[in-house]
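This briefing concerns one protein model and is arranged by topic. Please consult the sequence and the coordinates alongside the text.

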Amino acid sequence: MFELEELVPDGDDWRIDHTGIGVSNIGQSRKFYGAALGALGLRAVVHIAKTFAITDSTNDSELGGVGYGANYPIFWIDVFHAHGAKQHTAFRARSREEVQAFHSAALSAGGRDNGGPGLRTGGYPPGYYAAFVLDPDGNNIEAVFRER
């Protein structure tokens, strides 16, 4: 086992410490976020039980939360927070192809389209290439690649 503090990045190339949302069905949401965020190079870094202890178990009846990131959990889904408050979270993609892969993976994993991959206009900055999906609880999840 490890402590979460061991995962904190040393460099200055990250800007989110962590964020998260409450979900109504941890198993369904784990599948959705595993696929959608996997397309962006993120993975489940840590699982916690309903007792808040770090666990290796992915048994949905015991699972309390999942932290996703590259090496450090920057985005959490959990059963501890109310799932009725709709949220918007944008994840940075490294290319247009990652935005497209995110959108496709999210839809395949039970997400609903909320704006397919493409350049955005009408108030968005130039080169804002994004896709939007609604997760199983109706939260608006975005992948964005900012072209320079």
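In which helix is the place of I26? In this predicted model, I26 belongs to helix α1.

**Residue I26**
- I26 has a relative accessible area of 5%, so the residue counts as buried, the limit being under 20%.
- Beyond its neighbours within four places in sequence, I26 contacts D60, L63, G64, G65, I77, D78 and V79.
- D60 lies 34 residues from I26 along the chain, yet their C-alpha atoms are separated by 6.5 Å.

- An open sheet of mixed pairing is built from five strands, ordered β1-β5-β4-β2-β3.
- Because β1 (19-22) and β3 (54-55) are the edge strands and each has a single partner, one side of each has no neighbour in the sheet.
- Four bridges join β1 to β5 (residues 75-78) in the parallel sense, and I21 stands opposite I77 of β5.

**Nonpolar core**
- The largest nonpolar core holds 27 residues, of which Y33, L37, F75, I77 and F102 touch the most other members.
- Two or more residues each come from α1, β4, β5, α2 (96-108), β9 (128-134) and β10 (140-146); α1 contributes the most, with five.

Technical notes:
Residues numbered from 1 in each chain as written. Predicted model: local features only at pLDDT ≥ 70, side-chain atom pairs only at ≥ 80, totals over all residues. Heavy atoms only, no water. Pairing = 2+ DSSP bridges. Core = buried A, V, L, I, M, F, W, Y, C linked by side-chain atoms within 4.5 Å. Buried < 20%, exposed > 50% of the residue type's maximum accessible area, 1.4 Å probe, protein only. Contact = heavy atoms within 4.5 Å.
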